[in-house]
Amino acid sequence: MTKETGIRRLRADEVVNCIGQLADVLLDCVEGGASVSFMLPMARETALNFWRKVGDGVARGERTLIVAEDDEGIAGTVQLITDMPENQPHRADVAKLLVHRRARGAGIGRKLMEAVEDAARGQGRRVLVLDTASDTAERLYERLGWQRVGVVPDYALMPDGALCATTFYYKHV
């Protein structure tokens with residue numbers, strides 16, 4: 001991996017141009033056991049369709065997509081979902097913090113979370129919410145000042161079909 005990882009926000013047209021790399025990151029995370037809404041075996045077309053929908057949301061201004069890039073391309077992603085109900089214009093959801101296994105342990109997750117918080121502030125979003133089924137992610141979020149709300153047992157499935165609990169967090173930015 002390069003000495004410096006670049007973090008940037010993708011425009012909708014850039015999502016289209018990067019869709020293969022985005023799919024690679026998602027597939028790697030699911031194949032590595034991440035509970036991020038997808039089951040094994042995961043077809044590449046499923047990953048490509050997911051990113052097409054994300055790109056559509058970026059084009060409509062309903063979400064922000066931030067990526068981390070290293071010398072091999074996109075190494076991680078995170079999204080800020082701002083398509084909220086009328087009574088929640090101050091809030092957003094943080095979703096799909098994904099870091100390719102080749103790039104883990106290099107601080108990319110932290111950099112992506114800091115960037116998504118900055119993006120939220122820049123869009124006037126003061127209350128952020130997220131959920132996770134990962135102990136590693138929980139440690140990261142807590143180090144970054146996120147507040148644990150609670151745990152819902154058997155909330156989702158792991159990619160292999162096993163039930164898993166999900167922990168909810170919020171942060172005021």
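Which side chains meet in a salt bridge of 2.9 Å, N to O? Select D70 and R102 to see the pair. A salt bridge here is a side-chain nitrogen of Lys or Arg within 4 Å of a carboxyl oxygen of Asp or Glu. This pair links distant parts of the chain, with D70 in strand β2 (residues 63–70) and R102 in the loop between β4 and α3 (108–122), 32 residues apart. D70 counts as buried at 9% relative accessibility, while R102 is partly exposed at 31%. Buried means under 20% relative accessible area, exposed over 50%, and partly exposed in between (1.4 Å probe, protein chains only).

Before you move on, know that this is a predicted model, where local features need pLDDT of at least 70 and side-chain atom pairs count only at pLDDT 80 or more, while totals for chains, interfaces and linings use all residues. Residues are numbered from 1 along each chain as its sequence is written, and side-chain values use heavy atoms, with hydrogens and water left out.

**Stop: the sheet**

Switch to cartoon view. Helices (H or I, at least four residues) and strands (E, at least two) are DSSP runs numbered from the N terminus, and two strands pair if DSSP finds at least two bridges between them. You'll find an open sheet of seven strands, ordered β1-β2-β3-β4-β5-β7-β6, with mixed pairing. β1 (6–10) and β6 stand at the edges with a single partner strand each, so one side of each has no neighbour in the sheet.

For parallel pairing, pick β4 (residues 91–99) and β5 (residues 127–132), joined over three bridges. R91 has V127 in β5 as its bridge partner. While you're in β4, click K96: its phi is positive, about 55°, although K96 is not a glycine.

For the antiparallel case, go to β6 (residues 147–157) and β7 (residues 163–172), held by seven bridges. Q147 stands opposite Y170 in β7. The two strands make a hairpin with five residues between them, and G161 in the turn has a positive phi of about 100°.

**Stop: a surface patch**

Show the surface and colour M39, L157 and L163. They form a nonpolar patch with about 260 Å² of accessible area together. Such patches are made of residues with over 30% relative accessible area and no salt bridge, with like charges joined within 9 Å and nonpolar side chains (Val, Leu, Ile, Met, Phe, Trp, Tyr) within 5 Å. The areas come from the Shrake-Rupley method with a 1.4 Å probe, and for residues only the protein chains shown count as cover. L163 sits in β7 and is exposed, at 53% relative accessible area.

**Stop: a cis bond and a helix with two faces**

Now look at L40 and P41: the peptide bond between them is cis, with omega near -10°. P41 is in the loop between α1 (12–31) and α2 (44–59).

Next, select helix α4 (residues 135–143), where A137, E138, L140 and Y141 are buried. They cover an arc of only 165° around the axis, which puts them on the same side of α4; the arc is that of the directions from the helix axis to the C-beta atoms.

**Last stop: linked charges**

Finish with R8, R11, D13, E14 and E69, which are linked in a network of salt bridges. Within this group, the closest N and O atoms of R11 and E14 are 3.5 Å apart.
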